[in-house]
Amino acid sequence: MRNNNLQNRKVENKKKLSSLIANKLEKSEHAKVLGNHEKALRIARSILMQDPSCIEAAEEVVDNLLSLQDFVEAEKVANFVLSQHEKSYIANYALGFIYLTDSLNDLALGYLQIANELSPNNPEILRCLGWATFHTKSKLKGLVTLERALNLRSDDPLILCDLGVCLLQEQIFDKAINLFEQVLEIDSTNERAQDCLQAAISLEKKLLNNS
């Protein structure tokens with residue numbers, strides 16, 4: 001009887017811990033959605049102190065570190081997540097994104113392909129995958145992938161700009177200019193779109209004058 005009571009208490013304690021962690025995960029996600037990434041990060045880290053094996057909390061840590069642009073720490077945590085759970089699309093995406101920022105496009109491509117397989121039709125993953133594919137494997141496939149991302153999220157300045165830059169490199173000026181103008185309609189202060197628009201207009205005029 002004593003052993004049964006002890007076992008029941010252990011089961012009950014596990015349930016309480018799981019409920020507490022689930023509640024904290026929800027609070028971390030809510031803070032992240034509101035853009036309070038430092039708060040979300042603190043909550044996620046507090047979960048890992050309670051339960052170091054909680055992959056969901058580690059993924060939250062990675063996600064928020066990316067938003068805070070702490071790529072060194074994000075890479076470490078993402079690699080830890082993959083060592084425990086290789087099918088984490090968040091960790092695979094994070095490593096792909098980080099390597100893209102370092103222009104390690106070939107290395108990024110492998111992680112992004114896995115992330116896309118694990119989480120299909122994710123606009124952000126498709127954006128990064130399209131960029132990596134365009135600059136390493138196939139320009140046409142990269143453009144198609146970026147178009148897919150844009151179809152899923154038509155008002156995303158990052159997707160619009162990335163697709164515009166790739167089209168600009170292919171000297172498809174009309175479409176590129178249109179995309180940069182769309183970004184500026186959404187955010188008139190977007191410096192990347194401003195610079196790219198001026199570059200597209202200037203290059204188009206130069207080519208027309210030389211023809």
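Residues are numbered from 1 along each chain as its sequence is written, and side-chain values use heavy atoms, with hydrogens and water left out. Because the model is predicted, local features need pLDDT of at least 70 and side-chain atom pairs count only at pLDDT 80 or more, whereas totals for chains, interfaces and linings use all residues.

Pockets were located on a 1 Å grid over the protein atoms alone. A pocket is an open set of points where a 1.4 Å probe fits, with protein on both sides within 12 Å along at least five of seven lines, and its lining residues have an atom within 4 Å of a point. Grid points are joined across faces, edges and corners, and a volume is the space filled by probe spheres set on the points. The largest pocket holds about 330 Å³ of space. Its lining consists of Asp63, Leu66, Tyr89, Ile90, Tyr93, Phe97, Asn122, Pro123, Glu124, Ile125 and Arg153. At least two of the lining residues come from each of helix H3 (55-67), helix H5 (89-101) and helix H7 (123-134); helices are DSSP runs (H or I, at least four residues), numbered from the N terminus. H5 gives the largest share, four residues. By residue class, the lining of the largest pocket has seven nonpolar, one polar and three charged residues. In this division Ala, Val, Leu, Ile, Met, Phe, Trp, Tyr, Cys and Pro count as nonpolar, Asp, Glu, Lys and Arg as charged, and the others, Gly among them, as polar.

The second largest pocket holds about 180 Å³. Phe97, Leu100, Thr101, Arg127, Cys128, Trp131, Leu158, Asp162 and Arg192 line this pocket. Two or more of these residues are given by each of H5, H7 and helix H9 (157-169). The lining of the second largest pocket divides into five nonpolar, one polar and three charged residues.

Several residues were examined for burial, with buried meaning under 20% relative accessible area, exposed over 50%, and partly exposed in between (1.4 Å probe, protein chains only). Ser119 is located in the loop between helix H6 (105-118) and H7. With a relative accessible area of 14%, Ser119 is buried.

Asn92 belongs to helix H5 and is buried, its relative accessible area being 3%. Not counting residues up to four places away in sequence, Asn92 touches Leu82, Glu86, Tyr111, Leu112, Ile114, Ala115 and Leu118. Asn92 and Asn116 are 24 residues apart along the chain, and their C-alpha atoms are separated by 9.0 Å.

Helix H1 (residues 2-33) contains Ser28, which is buried at a relative accessible area of 0%. Beyond four places in sequence, Ser28 touches Ala40, Ile43, Ala44, Glu60 and Asn64. Ser19 also lies in helix H1, but is partly exposed at 49% relative accessibility. From Ser19 to Ser103 the separation is 84 residues in sequence and 42 Å in space, C-alpha to C-alpha.

Ser103 is in the loop between H5 and H6 and is exposed, at 57% relative accessibility. Phi of Ser103 is positive, near 60°, although the residue is other than glycine. A positive phi of about 60° is also found at Gln171, likewise not a glycine, in the loop between H9 and helix H10 (173-186).

The structure holds zero disulfides, a disulfide being a pair of cysteine sulfur atoms within 2.5 Å. The sulfur of Cys166 has its closest cysteine sulfur in Cys196, 10 Å away, and is therefore too far for a bond. Cys166 is buried, with a relative accessible area of 0%. For Cys196 the closest cysteine sulfur is that of Cys161, at 5.8 Å, which is also too far for a bond. Cys196 counts as buried at 14% relative accessibility.

Technical notes:
Contact means heavy atoms within 4.5 Å.
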